[in-house]
Amino acid sequence: QLQLVESGGGLVQAGGSLRLSCAASGRTFSDYVMGWFRQAPGKEREFVSGIRKGGGSTFNADSAKGRFTISRDNAKNTVYLQMDSLNSEDTAVYYCAASRTGLLSKPDYWGQGTQVTVSS
């Protein structure tokens, strides 16, 4: 089992920034493609950003492009999501996910989520 624990969520004003972290344990972190997802109230969970095992390649949803940056530190078993220029539509529970096969459409593991609330 790979355990994932998110942190860094909170309340922020529109236009502000937050940095989410997801600490992994239990398995070899660098064996997994990592991703961030979010779920807003009344909406389905959606993909936000992903990063390959070595960290050299990232991919983002349109909603994240130009504002969010995903990164990972395999030595610290942690993946990050730097979120800038936040707006009210970014309010959601943010989850990190891990996929051994690289298919983030079907992650093998999920974290418990961290709440991000953007006030206007």
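Trainee: Is Ser85 buried, exposed or partly exposed in this predicted model?
Mentor: Start with the relative accessible area of Ser85, which is 43%. Buried needs under 20%, and exposed needs over 50%. The value for Ser85 lies in between, so Ser85 is partly exposed.

Trainee: Where is Ser85 found?
Mentor: Ser85 has a positive phi, near 50 degrees, and is not a glycine. Most residues other than glycine have a negative phi. As for its place, Ser85 sits in the loop between strand 8 and strand 9.

Trainee: What is the phi of Asn77?
Mentor: Asn77 lies in the loop between strand 7 (68–73) and strand 8 (78–83). Asn77 is not a glycine, yet its phi is positive. The value is about 55 degrees.

Trainee: Is Asn77 buried, exposed or partly exposed?
Mentor: Its relative accessibility is 29%. Buried stops under 20%, and exposed begins over 50%. Asn77 therefore counts as partly exposed.

Trainee: Which residues form a disulfide?
Mentor: A search of the whole structure finds 1 disulfide. The cut-off for the sulfur atoms is within 2.5 Å. Here they are 1.9 Å apart, in the pair Cys22 and Cys96.

Trainee: How many residues apart are Cys22 and Cys96?
Mentor: Cys22 is in strand 3 (residues 18–25). Cys96 is in strand 9 (residues 92–99). The pair links distant parts of the chain, 74 residues apart.

Trainee: Is Cys96 buried or exposed?
Mentor: Buried means under 20% relative accessible area. Cys22 has 0%, so Cys22 is buried. Cys96 has a relative accessible area of 0%, so Cys96 is buried.

Conventions
Residues are numbered from 1 along each chain as its sequence is written. This is a predicted model: local features need pLDDT of at least 70, side-chain atom pairs count only at pLDDT 80 or more; totals for chains, interfaces and linings use all residues. Side-chain values use heavy atoms; hydrogens and water are left out. Helices (H or I, at least four residues) and strands (E, at least two) are DSSP runs, numbered from the N terminus. Buried means under 20% relative accessible area, exposed over 50%, partly exposed in between (1.4 Å probe, protein chains only).
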